[in-house]
Amino acid sequence: MSRTGFKKYRIVLLASLLVFSLSFISNSVWAAGAGLTKLAENVYSYADTKKSSPQNSFGANAGIIIGEKGVVVVDTLISAKESKRFVKDIKAVTNKPLKYVVNTHGHLDHTFGNAEFSKRGAVIAAHKNCLTNMKKNGEATLKNAKNFGLSEKDMKGTKIAYPSLTFGDRMEIDLGGQTIELIATGHSHSDDSVLVYLPDKKILFAGDVLFTGYHPYIGDGNITEWVKTIDRILAMDVDKIVPGHGPVSTKKDLEEMKNYLMAFDKKAKELCAASKDIKYIIDELKKNLPVRPEAEGLIQFSVMTKYLKAEAGK
Ligand SMILES: [Zn+2]
């Protein structure tokens, strides 16, 4: 790409980020406060946040698994403020020590609350690429949080805390009376995505491999591998699936997610090869995608970060 082309692209990308943020802010009613939902004995999660906004972690889910030895926390929301709300809700359920945090992947709405847990003694576990990605992008993303619609006040006290226990393929946590399997997906939603599986309870925390009722963020994804990951989960012994965003789900929602991804990818490639008119591309894409009530701004964000970037780089 030429220098001017790159500049133009940057301006368009920044404008897109702004629109993305504003679309969230304009419909932002802070919808937190419902507390944790009980999924099974000793397993709780946030789920089904409505009116997602930057201030409520874009509606990201986060959960806990309680064993004899303590608590495993799955994801930590977007800021110190948000993770303090989470800690409060955890304390309403259990007084056991917070032993581990598992980051399902490195995106800000799943990791920027880490420090509230590490300072309480929790060890942060994640895929090795999650550590690499957070080291590469974490501080810059925090510094530029306004690009995501987050004010200084929203992010007050937020510090990046990196995973200190990383793995490549699989890891098991024995919590005493509860085994937790951490399974790397390969490059699906991101190159650092991890599934958190409780085989005895048939519960799976899927992270952002699954968005239900929310348009997904696709910008860092590999669609082929993502679809394979979904097929892999469909073959697992699982009843309840906690998505990265949206209500507690089932395999039916995974099928819908798979269809969504394939439809998005096919149409976005076609449209971006034929046009650079972002409004036209988004309008046409929407006609071809299922209606999802949350995070419509992510359609444009995904197109800008993945498909138009690929076209511009040709
Ligand atoms: Zn994500």
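**Exercise 1. Thr185**

Determine whether Thr185 is buried or exposed in this predicted model, and identify the residues it touches.

*Solution.* 
Step 1. The relative accessible area of Thr185 is 6%. A residue counts as buried under 20%, so Thr185 is buried.
Step 2. Thr185 belongs to the loop between β9 and β10.
Step 3. With residues up to four places away in sequence left out, the contacts of Thr185 are Ser193, Val194, Leu195, Val209, Thr229 and Arg232.

**Exercise 2. The sheet of β8 to β12**

Describe the strand order of the five-stranded sheet and state which helices pack on it.

*Solution.* 
Step 1. The order is β8-β9-β10-β11-β12, in an open sheet with mixed pairing. From one strand to the next, the twist averages 25°.
Step 2. Strand β8 and strand β9 (residues 179-184) run antiparallel and are joined by five bridges. Within this pairing, Arg170 has Ile183 of β9 as its bridge partner.
Step 3. Helix α7 (residues 223-234) packs on the sheet and touches β9, β10 (194-198) and β11 (203-211), with its direction at about 160° to that of β11. Helix α8 (residues 251-274) also packs on the sheet, where it touches β11 and β12; its direction makes about 20° with that of β11.

**Exercise 3. The zinc site**

Name the protein donors of the zinc ion and classify the geometry of the site.

*Solution.* 
Step 1. The donors are His105 (NE2), His107 (ND1), His189 (NE2) and Asp208 (OD), lying 2.2 Å from the zinc ion. Along the chain they follow the spacing H-x1-H-x81-H-x18-D.
Step 2. His105 lies in the loop between β5 (98-102) and α3 (108-111), and Asp208 in strand β11; this pair links distant parts of the chain, 103 residues apart.
Step 3. The angles among the four donor atoms run from 91 to 167°. A tetrahedral assignment requires all angles to lie between 85 and 135 degrees. The site is classed as irregular.
Step 4. His105 is buried, its relative accessible area being 0%. Asp208 is likewise buried, at 3%.

**Exercise 4. Aromatic pairs**

State how many aromatic pairs the whole structure contains, and classify the pair Phe86 and Phe117.

*Solution.* 
Step 1. The search finds six aromatic pairs.
Step 2. The ring centres of Phe86 and Phe117 are 5.6 Å apart and their planes stand at 65°, so the pair is edge-to-face.
Step 3. Because Phe86 lies in helix α2 and Phe117 in helix α4 (residues 114-118), the pair ties together parts that are 31 residues apart in sequence. Both Phe86 and Phe117 are buried. Together with Tyr46, Phe86 and Phe117 form one aromatic cluster.

Definitions and conventions: Residues are numbered from 1 along each chain as its sequence is written. This is a predicted model: local features need pLDDT of at least 70, side-chain atom pairs count only at pLDDT 80 or more; totals for chains, interfaces and linings use all residues. Side-chain values use heavy atoms; hydrogens and water are left out. Two strands pair if DSSP finds at least two bridges between them. Helices (H or I, at least four residues) and strands (E, at least two) are DSSP runs, numbered from the N terminus. Axes are lines fitted to C-alpha atoms, for helices over the stretch in contact, and angles run from 0 to 180 degrees between N-to-C directions. Contact means heavy atoms within 4.5 Å. Donors are N, O and S atoms within 2.8 Å of the metal (3.2 Å for Na, K and Ca); water is not among the atoms, so sites may look incomplete. Four donors count as tetrahedral if all angles lie between 85 and 135 degrees; four count as square planar and six as octahedral if opposite donors are over 155 degrees apart and all others between 65 and 115; anything else is irregular. Buried means under 20% relative accessible area, exposed over 50%, partly exposed in between (1.4 Å probe, protein chains only). Rings of Phe, Tyr and Trp (its six-membered ring) pair if their centres lie within 6.5 Å; planes under 30 degrees apart count as stacked, over 60 as edge-to-face and the rest as tilted.
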